[in-house]
Amino acid sequence: MEDNLKKKTYLELKDHSVSGEDFTLLYNEELDMLETFPQPSETSLPRYYNSEDYISHTDSKRNWFEKLYHFVKSIALKRKLKLINSFQVSDKKLLDVGCGTGDFLKVAKDYGWSVSGIEPNDSARIIANSKTNEAVFNSDHLLQFKPNSFDVITLWHVLEHLPQLENHLSIFESLLKLDGRLVIAVPNFKSHDAKYYKNFWAAYDVPRHLWHFSKTAISKLAQRQNMVLVKTVPMSFDAYYVSLLSEKYKSGLMNPIKAFWTGCRSNMKANRSGEFSSLIYVIKKS
């Protein structure tokens, strides 16, 4: 990435969920993406995940919000499975990076996929391994897989968390078989709900989200790794979930009615522009 001094400030905001610290989003004009500044070191980054409310690291259903999250998640899992099942692959070998508690891996495994996962969080990895017969490993194991091993590599809201962005993309490209698919789901900072909530938009989630992508950014990053973006799929549920959290950050209350209306408006506008709150990108190795 280019020198931060050459980048323009896009937005000033704070970590609403853990530390309360202030951060800046810098605009990378070359890639049309945002970068969190300052970025925590790799050794200090884990402390920003130390929260009982970090929902992807737990299967808990303590309140209506968590129950709603897991209900929507169950629907999303079926859609994700349908997407990867649409690919013409030989061995159905799947790697899910940042697999959390392993629900997607379990669903894929139940439908005939040979699965492996990467999950850095210890407690989430233990839960994931209980669902996958010990198929989930710590981050260090990523470099132990053989090149050209996987038909599909998935990152469901994970790429934005990864330091050394282009180095990771290079690793994923090397692990894919020829004509394999890299499937990336990330928030879209050009969506209506992002523009509406601005510095309260929950999907910025600084500093856990180090990068903030546009469709142009994903396409250019893929090209740098000699891969090509072949398909974009909307994640329409995300507008509602993100709006609920954003309302909480903005006013102290989730305001479900207002959040639902904002999510509806975001999706309606996205039906015309293509700029959904989150998007799934299907990238092909060639």
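User: Glad to look at this predicted model with you. Is F137 buried, partly exposed or exposed?
Analyst: Let's start from the number: F137 has a relative accessibility of 27%. Buried would need under 20% and exposed over 50%. At 27%, F137 therefore counts as partly exposed.

User: And F145, buried or exposed?
Analyst: The relative accessibility of F145 is 14%. The cut-off for burial is under 20%. So F145 counts as buried.

User: Which geometry does the aromatic pair of F137 and F145 have, stacked or edge-to-face?
Analyst: The two ring centres of F137 and F145 are 6.2 Å apart. Their planes make an angle of 80 degrees, and planes over 60 degrees apart count as edge-to-face. The pair F137 and F145 is edge-to-face.

User: What about the rings of F145 and F150: which kind of pair do they form?
Analyst: F145 and F150 are both buried. Their ring centres lie 5.2 Å apart, with the planes at 85 degrees. That angle makes the pair of F145 and F150 edge-to-face.

User: How many residues of strand β7 are buried?
Analyst: Strand β7 spans residues 150-156. The strand is largely enclosed by the rest of the structure, because its buried residues number seven of the seven.

User: Which residues stand opposite V152 of β7 in β4 and β8?
Analyst: β7 pairs in the parallel sense with strand β4 (residues 93-97) over three bridges, and L94 stands opposite V152. β7 also runs parallel to strand β8 (residues 176-187), joined to it by six bridges. In β8, the bridge partner of V152 is R181. The residues asked for are L94 and R181.

User: What is the handedness of the crossover from β7 to β8?
Analyst: The strands β7 and β8 run parallel. Between them the chain passes through helix α4 (residues 165-175), giving a β-α-β crossover. This crossover is right-handed.

User: Why do the buried residues of helix α3 line one face of the helix?
Analyst: In α3 (residues 122-132) the buried residues are A124, R125, A128, N129, K131 and T132. Looking down the axis of α3, these buried residues stay within one arc, so they line one face of the helix.

User: Where do the buried residues of α6 sit around its axis, and what do they pack against?
Analyst: Helix α6 (residues 215-224) has A217, I218, L221 and A222 as its buried residues. They cover an arc of only 130 degrees, which puts them on the same side of α6. They pack against β3 (33-37), α4, β8, β10 (227-234) and β11 (278-285).

User: Which residue makes a polar contact with the side chain of S266?
Analyst: S266 is found in helix α8 (residues 256-273), and S266 is buried, with a relative accessible area of 0%. Leaving out residues up to four places away in sequence, S266 touches S191, H192, D193 and A239. The side-chain polar contact, at 2.5 Å, is with the side chain of D193.

User: And which side chain makes a polar contact with that of T24?
Analyst: T24 lies in strand β2 (residues 22-28) and is buried, with a relative accessible area of 13%. Beyond four places away in sequence, the residues T24 touches include E12, L13 and E35. The polar contact, at 2.8 Å, is made with the side chain of E12.

Notes: Residues are numbered from 1 along each chain as its sequence is written. This is a predicted model: local features need pLDDT of at least 70, side-chain atom pairs count only at pLDDT 80 or more; totals for chains, interfaces and linings use all residues. Side-chain values use heavy atoms; hydrogens and water are left out. Buried means under 20% relative accessible area, exposed over 50%, partly exposed in between (1.4 Å probe, protein chains only). Helices (H or I, at least four residues) and strands (E, at least two) are DSSP runs, numbered from the N terminus. The arc is that of the directions from the helix axis to the C-beta atoms. A polar contact is a pair of N or O atoms within 3.5 Å; within protein, one must be able to donate a hydrogen and the other to accept it, and residues adjacent in sequence count only if both atoms are side-chain atoms. Contact means heavy atoms within 4.5 Å. Two strands pair if DSSP finds at least two bridges between them. A crossover is right-handed if, with the strands pointing away from the viewer, the path from the first strand over the helix to the second runs clockwise. Rings of Phe, Tyr and Trp (its six-membered ring) pair if their centres lie within 6.5 Å; planes under 30 degrees apart count as stacked, over 60 as edge-to-face and the rest as tilted.
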